[in-house]
Amino acid sequence: MERPTSALVRVVPFFYGWWVVISTGAIIFVATGAYFYGFSTLVDPFEEEFGWSRALIGGAFSAAVAAEGLASPVVGYLADRFSASRLLMAGVLLVGGGFVVLGQIQAVWQLYAAMVIIAVGTTLIGLVSWVTIAHWFAKKRGRALALATGVVGTCGVMVMVLAALISFFGWRSAVVMIGISQVAICIPLALTVRRRPEDVGLLPDGEGHAPDQSLARPGASPKGESAADRKVEHEGLTVRQALGTRPFWLLTFASALAWLGGMALIGHLVAFLEESADFSRGEASAVAMGIPLASLVGRLGFGWLADYVVKRRLLAVAYVLQGAGILIFATTDSPWQAVLFLVVFSVGWGGTIPVLPALEAEYFGLRAFGGIQGLLSGLATLGAFVGPVFAGVVYDVTDSYRPAFLLMTFTTMAAVPAILMMGRVPAWAKEAASAPMA
């Protein structure tokens, strides 16, 4: 006997999981693009108005990354247990509110506080989105993550939007307008997201309806699940079990190495191109916008391939491209080199985004996917924290970013052997992936 699906689901003419992908992708696009890729457009305004050093300004981005790392395990735990819709709304309110606070700062500690608030909000949005998509898809998980991250890839547009707003209204008014817009657009989208297909009478990948006894009431907290409810969850490891595996620590180490260079590059990209390569602010902002746009090739292509080829090898290829891109960036002094950097780095950077959570789900399952992903991300952000500060310190000492980025080429490449050492997917995971859903 089948239970009728939710009225919310019946409004959408296709499998509701794809709507979840579109809506979460749109939320990430609006709520995180101006923060993650747009921070570098604020470096010069902060220096001009307050006289802060680059290391001090870069430290704010590093503090935000550290906040993401500390928040990730907690957010992952919450994502396994509570309503995706409510968690997404909380994240949107934190991000939007953080941007409004950013527009009022007068001291460096206020800059750090605003960035931390925004970072916690983006962590809620990002982790909850990936966990939710992982539950809605099994056989098509790589493609679903690719589509979601593909939508996110267009968020580079937000860099140009922020840069334009700064030019017309000043940086303070610009960030306030961004924050208000984020809340107005993203809250309605968050209200439509459901944590898993069984909550609205469906099965993963759109393969029919869930039977009566396997359903929690729509929108209910997973805390109220019965034993039958839990049968629909995929097999997997607990957080404690994952911590005892070699793949967990190798993946954490590789992620930390890759984020070290990637975060430093993104945090200082506009400033580097303006001062070391003689780009105008508009040209440098265009390159910053080009990273997420060009990364669409990697996001969509690597995400699609993740459903068909060995994921750890695919991730290793992405890290090779990312490292090569950083090397090109470190030597950039002309437009054609910037284009080459965009092509190589962006494809690798984009490729890691859908493959990494798909690889985590493959090795550790969905039983505690949010908690495991949150803990892994939290530990790996040590590299993301060090990168922007290190690049800022090198600039303050040598008056150049180039030595820092040359060194980070090698740290990124070192992630490749770590990934390849993960070994084959556990036997239980293969069995769970091939088993039909109840």
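## Lining of the largest cavity

By class, the lining of the largest cavity splits into 17 nonpolar, 10 polar and three charged residues; here Ala, Val, Leu, Ile, Met, Phe, Trp, Tyr, Cys and Pro count as nonpolar, Asp, Glu, Lys and Arg as charged, and the others, Gly among them, as polar. This is a predicted model, where local features need pLDDT of at least 70 and side-chain atom pairs count only at pLDDT 80 or more, while totals for chains, interfaces and linings use all residues. Residues are numbered from 1 along each chain as its sequence is written, and side-chain values use heavy atoms, with hydrogens and water left out.

The largest cavity holds about 760 Å³ of space. Of its 30 lining residues, Phe36, Glu68, Trp130, Trp259 and Met263 are the closest to the centre. Helix 2 (16-36), helix 4 (54-79), helix 6 (108-136), helix 12 (246-276), helix 14, helix 15 and helix 16 each give two or more residues to the lining. Helices are DSSP runs (H or I, at least four residues), numbered from the N terminus.

In total there are four cavities of 30 Å³ or more. A cavity is a set of points on a 1 Å grid over the protein atoms alone where a 1.4 Å probe fits but cannot get out, and lining residues have an atom within 4 Å of a point. Points are joined across faces, edges and corners, and a volume is the space filled by probe spheres set on them.

## Salt bridges

The structure has four salt bridges (a side-chain nitrogen of Lys or Arg within 4 Å of a carboxyl oxygen of Asp or Glu). One of them pairs Asp307 with Arg143, with the closest N and O atoms 2.7 Å apart. Asp307 sits in the loop between helix 13 (281-305) and helix 14 (311-330) and Arg143 in helix 7 (residues 141-153), so the pair ties together parts 164 residues apart in sequence.

Glu362 and Lys311 also meet, at 3.2 Å from N to O. That pair links helix 15 (residues 335-364) to helix 14, 51 residues apart. Lys311 is buried at 13% relative accessible area, whereas Glu362 is partly exposed at 22% (buried is under 20%, exposed over 50%, partly exposed in between, with a 1.4 Å probe and protein chains only). Arg196 and Glu198 form another bridge at 3.9 Å, and both residues are buried.

## Nonpolar patch

Leu382, Phe385, Val386, Phe390 and Leu407 make a nonpolar surface patch of about 420 Å². Patch members have over 30% relative accessible area and no salt bridge, with nonpolar side chains (Val, Leu, Ile, Met, Phe, Trp, Tyr) joined within 5 Å; areas come from the Shrake-Rupley method with a 1.4 Å probe. Helix 16 (residues 369-398) supplies the largest share, four residues. Val386 is in helix 16 and counts as partly exposed at 36% relative accessibility.

Key:
Patches are made of residues with over 30% relative accessible area and no salt bridge: like charges are joined within 9 Å, nonpolar side chains (Val, Leu, Ile, Met, Phe, Trp, Tyr) within 5 Å. On a 1 Å grid over the protein atoms alone, a cavity is a set of points where a 1.4 Å probe fits but cannot get out, and a pocket is an open set with protein on both sides within 12 Å along at least five of seven lines; lining residues have an atom within 4 Å of a point.
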